[in-house]
Every structure is written in structure tokens, then in C-alpha cells.
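This report is for a reader meeting the structure for the first time. It goes through a few parts of the chain in turn.

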Amino acid sequence: MITKPRGTADIILGDVFKWRHIEGIFRQLCQEYNYHEVRTPIFEYTELFERGVGDTTDIVEKEMYTFLDRGGRSITLRPEGTASVVRAYLDNKLSSGLQPVKLWYYGPMFRYDRPQAGRFRQFHQLGAEVIGSEDPATDAELIAMLMSFYARLGLSNLRLDINSVGCPICRAELKIKLQDFFRPHMDRLCHHCQGRIDRNPLRILDCKVEACKTIGKDAPTTLDCLCRDCEDHFIKVKDHLNQINIPYNINGRMVRGLDYYTKTAFEIAAPEIGAQSAIGGGGRYDGLVESIGGNSTPGVGYALGVERILLAMENQKIAIPEEPALDVFIASADEQGSSMAFSLLETIRNKGISGDKDYLGRSLKSQMKHAGKTGCSLVVILGGQELSRGVAAVKDMRDGRQIELSVDKISEEIIKILGK
Ligand code: HAM
């Protein structure tokens with residue numbers, strides 16, 4: 001028996017409908033907020049993530065699925081969507097179209113992390129990005145869109161944390177403060193963080209190792225070092241959120257796990273789903289386009305994890321609409337009936353009615369039992385005596401009534417009965 005790889009999941013049968021429900025609500029939201037869908041490759045050149053996400057992040061240091069292709073190029077399965085979207089923005093010269101460029105995406109992402117509840121090695125993100133505007137209103141629009149999405153799904157009791165992680169100017173001051181703070185604790189930090197003190201001490205604040213977390217609790221925060229411009233931007237983001245009554249927590253310790261962030265960073269948690277409670281997060285990345293090779297262009301966006309949303313919905317006992325049941329099952333008493341069922345199904349399906357029949361040569365009795373289990377609205381019985389009289393028996397499973405219909409007009413009659 002070959003099983004699925006650790007940290008992956010099969011999405012099967014009724015579960016697929018739950019996923020489609022979530023995707024459908026997101027799609028609708030994106031249309032209302034005027035975001036356009038973009039589909040990028042699942043793998044990219046490794047360099048994109050090294051430069052984009054940052055080579056001192058956990059993602060790049062420990063979690064990427066990287067391999068050499070047959071041409072000897074280093075390839076990585078995308079661990080996130082933003083770097084790819086920005087690469088596509090540059091590759092396709094979207095900077096010469098309508099500005100700002102508002103894009104959304106959906107798809108599997110890959111991170112080699114230790115699997116646990118809510119943490120997978122292949123997981124799915126829905127995300128949105130605005131490239132080309134530094135207006136703090138775009139940061140607030142994205143947060144508002146994300147909060148509307150959760151509300152439309154019926155989720156409540158969520159915590160929105162916001163922060164400003166500053167820009168390279170404030171970061172230079174913060175770097176010195178953090179180095180001064182962490183150096184005396186060097187011996188107790190994990191070996192990754194020991195290397196990060198010189199290169200990127202901000203990353204220590206995002207380390208998952210318990211000892212690093214404990215030491216980091218009293219470290220200076222990004223808010224201690226904001227420059228005038230970043231401070232002003234943060235005030236305006238908060239003003240916009242206040243204007244539309246979105247409650248938030250200011251959390252100066254939230255730095256997020258990706259290096260491209262500048263100014264605004266935000267994260268939404270559903271505390272009751274456990275240790276992996278972040279159901280979405282994002283922020284501004286005004287240096288990313290340039291670091292991937294474009295002209296200096298601001299950007300901001302978010303992504304949310306579909307698996308964690310489902311977990312939160314389950315936890316909050318939110319009913320998810322069921323897949324619509326089958327309209328018609330055609331049972332047949334003999335071979336002539338079975339053959340007729342085959343062509344009748346084609347006719348009704350092409351008129352928008354869903355239909356199915358038996359393909360296992362079952363008795364009429366067990367076909368009826370099977371029909372009941374499908375949850376169908378009507379069972380049409382073809383064959384035997386009725387068929388020789390030019391009629392079919394039709395049982396309405398919703399009220400148990402049984403009638404006879406002329407075979408010649410049966411498809412029109414079925415449509416009428418179903419009210420389609
Ligand atoms: P992220 O915080 O790394 O941000 O991931 C976004 C969301 O993806 C998380 O809040 C979580 O719901 C989900 N997620 C992350 N890792 C896993 C995992 N191993 N298993 C299940 N779900 C997971 C980003 O990826 C950024 N690209 C977001 C962004 C867009 N920032 C700006 N634009």
C-alpha cells in the first residue's frame with residue numbers, strides 16, 4: 001500500500017464542496033473589491049524566494065522543497081505566493097497597465113515543516129496583492145476585505161493584530177538595538193539565531209524555538225524605532241480602520257516570517273484552533289519589486305490558509321452548505337429499460353438536469369435502494385409492463401407520490417416536476 005506523503009491531505013467527496021464554498025465566497029469578494037485573478041507556476045527558480053522571502057527566514061533556511069531539475073537549475077516548489085505574483089507582474093510588464101495592479105490567487109503552497117494540527121507540508125492559500133500604491137488606504141482596504149471574508153463565512157471571535165515593521169531606515173536603528181539586546185544571550189539562542197544576530201536580528205523575534213522565544217520577550221520592538229514617514233503611514237492605516245469600525249490589537253512584537261515586509265504587518269488568529277492559530281496574514285512590501293529586479297514599486301497584500309479556515313469553521317460549528325443532491329435516478333427493470341435510460345439521461349443532462357443510472361447490473365429492488373441513498377428527487381423506472389404500454393413509473397422521493405408519465409414526453413415532464 002502506498003500512502004500519501006506526510007503533511008499532505010486528500011480532499012475527497014463532500015469535503016470538496018466545502019472547499020468550493022470557501023473559494024466561491026472569496027472569488028465573489030475579489031470581484032466586489034476589483035481584484036483580478038492571476039495563476040502562476042507551482043515551481044519557480046530558487047533564487048526568487050532566496051531574494052524575495054529572504055535567506056535568513058525559517059522558510060528559506062529550513063522549509064523549502066528545493067531540487068535540481070534535469071538541466072541542473074535549482075528549482076523550488078513555491079512556499080508562498082507573493083514573490084511569484086511580483087515576478088509575474090515584472091515578467092508580464094503589468095506596470096504599463098492600469099495602476100495600481102490588484103491581483104488575487106489561489107493554490108497549493110509547500111513548506112517542509114513538522115506536520116501538526118493546522119500545519120501541513122502542502123497547504124492552500126487564497127491571497128490578494130496590490131502593487132503600485134503606497135496609499136495607507138490600500139493596506140486598510142486589504143484588511144477590511146480579509147475581515148469581510150471571515151465574516152461572510154460566519155467566523156467570529158477572531159483577533160486582528162497589526163504592527164509596523166518600519167523601513168530600511170528605521171530597521172538600521174532597530175538592528176543595532178536588537179544586536180545589543182541579544183548578544184549577552186548568544187549562548188542560549190538556537191544555532192540559526194546565533195547566525196542571525198549579525199545578519200538579521202529581527203528574525204530572532206520570529207523563531208519558533210522556545211529558548212529564543214523566551215529571550216525575545218523583552219527585546220525592543222519595531223515600534224520603538226519608527227521613522228517619521230513610517231510612523232505617519234501607521235497612523236493613517238489605523239485611522240482608516242477606525243473609520244470603518246474594524247477593531248484591532250497593536251502588537252509591536254509581531255514581525256511575521258518573511259523578510260520582505262516594510263511598514264504595515266498584520267495577522268488574524270482564531271485562538272481556539274490551537275497552536276497554529278494564524279488563519280491569515282500579510283503586510284506591505286515596498287522593497288520587494290526592486291529586490292526581484294524591477295523599479296522601486298510599493299506593494300501590499302495578504303494570504304490565508306484554507307485548511308485553517310476549515311478547522312476554525314468546524315470548531316465554531318458553522319454549517320457549510322451541502323452539495324446539491326442528484327435530480328433524477330433512472331432505474332431499469334430489464335435490458336431494454338437500461339438502454340433507454342442511457343439515452344434519456346443524455347437528453348435531460350443537456351437540459352441542465354443531473355441524472356444517473358445503474359452500471360452494475362443490479363436488481364430493480366437494489367437499484368431503488370441505491371437511488372434512495374443518492375438523495376435524488378425523482379426516480380424514473382423504465383422497463384417491464386409499463387414500458388410496453390409506452391409509460392414510465394416516476395416516484396417523487398420528496399413526498400413519496402408515484403405517477404405514470406408517457407415515455408414520449410418524459411424529459412419535458414421531468415423538467416416541469418423539478419421546477420427547473
Ligand atoms: P504566511 O503568514 O506565511 O504569509 O502565510 C499565510 C497563511 O497561510 C497563514 O496565516 C496560514 O493560515 C497559512 N499557512 C502558512 N503555513 C501553513 C502551513 N504549513 N500549513 C497550513 N497553513 C499554513 C504568506 O505566505 C505571505 N505570502 C502573505 C502575504 C501576501 N504577504 C503579503 N502578501
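In helix H6, the buried residues are Cys 170, Leu 174, Leu 178, Gln 179, Phe 181 and Phe 182. The model is a predicted one. The cover over the buried residues of H6 includes H7, helix H8 (210-216) and helix H9 (228-243).

H6 runs over residues 168-182, and its 15 residues should span 21 Å at 1.5 Å a residue. The C-alpha atoms at its ends are 20 Å apart, which agrees with that expectation.

H6 also takes part in the lining of the second largest pocket, where it supplies five residues, the largest share. Helix H2 (46-52), H6 and helix H10 (288-291) each give at least two residues to this lining. The space in the second largest pocket is about 420 Å³. It is lined by 23 residues, and those closest to its centre are Arg 171, Asn 200, Asp 259, Tyr 260 and Tyr 261.

## Domains

The protein is divided into two parts: domain 1 (13-167 + 227-315) and domain 2 (328-415). Between the C-alpha centres of domain 1 and domain 2 the distance is 50 Å.

## Salt bridges

The count of salt bridges comes to 33. Three of them are set out below.

| Pair | Closest N to O distance |
|---|---|
| Glu 61 and Arg 196 | 2.9 Å |

Asp 58 and Lys 62 are four residues apart in helix H3 (residues 58-63), so about one helical turn separates them. Asp 58 has a relative accessible area of 7% and is buried, whereas Lys 62 is partly exposed at 34%.

Glu 61 forms its salt bridge with Arg 196. This pair links distant parts of the chain, since Glu 61 is in helix H3 and Arg 196 is in helix H7 (residues 191-199), 135 residues apart. Glu 61 is partly exposed, with a relative accessible area of 28%. Arg 196 has a relative accessibility of 1%, so Arg 196 counts as buried.

Glu 346 and Arg 349 are three residues apart, about one turn, and both belong to helix H12 (residues 335-349). Glu 346 is partly exposed at 40% relative accessibility, and Arg 349 is partly exposed with a relative accessible area of 32%. Elsewhere, salt bridges with shared partners join Asp 58, Glu 61, Lys 62, Arg 196 and Arg 199 into one network.

## Strand S8 and Asn 249

Asn 249 is in strand S8 (residues 249-250). It is partly exposed, because its relative accessible area is 34%, and the partly exposed class lies between under 20% for buried and over 50% for exposed. Which residues does Asn 249 contact, leaving aside its neighbours within four places in sequence? The contacts of Asn 249 are with Arg 159, Leu 160, Asp 161 and Ile 162. Asn 249 and Phe 266 are 17 residues apart in sequence, and their C-alpha atoms are 9.6 Å apart in space.

## Backbone exceptions

Most residues other than glycine have a negative phi, and most peptide bonds are trans. The residues below depart from one or the other pattern.

Leu 13 is not a glycine, yet its phi is positive, at about 45°. Leu 13 belongs to the segment before helix H1 (14-32). With a relative accessible area of 72%, Leu 13 is exposed.

Asn 245 is another residue other than glycine with a positive phi, near 55°. Asn 245 is placed in the loop between H9 and S8. At 66% relative accessibility, Asn 245 counts as exposed.

The peptide bond that joins Gln 99 and Pro 100 is cis, with an omega of about -10°. Pro 100 is in the loop between helix H4 (82-91) and strand S5 (101-110).

Terms used:
Residues numbered from 1 in each chain as written. Predicted model: local features only at pLDDT ≥ 70, side-chain atom pairs only at ≥ 80, totals over all residues. Heavy atoms only, no water. Salt bridge = Lys/Arg side-chain N within 4 Å of Asp/Glu carboxyl O. Buried < 20%, exposed > 50% of the residue type's maximum accessible area, 1.4 Å probe, protein only. Expected span 1.5 Å × (residues − 1). Contact = heavy atoms within 4.5 Å. Domains from an automatic or database assignment. 1 Å grid on protein atoms, 1.4 Å probe; cavity = no way out; pocket = protein on both sides within 12 Å on 5 of 7 lines; lining within 4 Å. Points joined across faces, edges and corners; volume = space filled by probe spheres on them.
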